[in-house]
Amino acid sequence: MNNRGFFSAIGGVFSVFGSAVAASRAVENGRKPRAHDLRNLGMEPAAFDKIRRF
């Protein structure tokens, strides 16, 4: 793996981690996470809308 690929992979990890933190904070505060964060985590925003509370 060259340096560019290595740093790209590390950047991707930080991006996913940041999206996970942002989405979890939004849910904890009773808000819908941003569509970009959901897509970055591999979830379609429309699928998130179908989740209901008990």
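Q: Which helix do the buried residues of α1 pack against?
A: They pack against α2, which covers residues 35–40. Keep in mind that this is a predicted model. The buried residues of α1 are Ser19, Ala23 and Ala26.

Q: Why is Ser19 called buried?
A: Its relative accessibility is 3%. Buried means under 20%, so Ser19 counts as buried. You will find Ser19 in helix α1, residues 3–28.

Q: What does Ser19 touch, leaving aside its neighbours within four places in sequence?
A: Ser19 is in contact with Asp37, Asn40 and Leu41.

Q: What makes the link between the side chains of Ser19 and Asn40 a polar contact?
A: The two side chains are joined at 2.8 Å, and the cut-off for a pair of N or O atoms is 3.5 Å. The value lies within that limit, so the pair counts as a polar contact.

Q: How do you know that the length of α1 agrees with what a helix of 26 residues should span?
A: At 1.5 Å a residue, α1 should span 38 Å. Its end C-alpha atoms are 38 Å apart, so the two values agree. After α1 comes Gly30, whose phi is positive, near 80°.

Q: Why are Phe6 and Phe7 called an edge-to-face aromatic pair?
A: Let's take the distance, then the angle. The ring centres of Phe6 and Phe7 are 5.4 Å apart, and rings pair if their centres lie within 6.5 Å. The planes are at 70°, and over 60 degrees counts as edge-to-face.

Q: What makes Asp37 and Arg34 a salt bridge?
A: The closest N and O atoms of Asp37 and Arg34 are 3.1 Å apart. That is within the 4 Å limit, so the pair is a salt bridge. Asp37 is buried, with a relative accessible area of 3%, whereas Arg34 is exposed, with 56%.

Methods
Residues numbered from 1 in each chain as written. Heavy atoms only, no water. Phe/Tyr/Trp six-rings, centres within 6.5 Å; stacked < 30°, edge-to-face > 60°. Helix = DSSP H or I, 4+ residues; strand = E, 2+ residues; numbered from the N terminus. Buried < 20%, exposed > 50% of the residue type's maximum accessible area, 1.4 Å probe, protein only. Polar contact = N/O pair within 3.5 Å; in protein donor to acceptor, adjacent residues only side chain to side chain. Contact = heavy atoms within 4.5 Å. Expected span 1.5 Å × (residues − 1). Salt bridge = Lys/Arg side-chain N within 4 Å of Asp/Glu carboxyl O.
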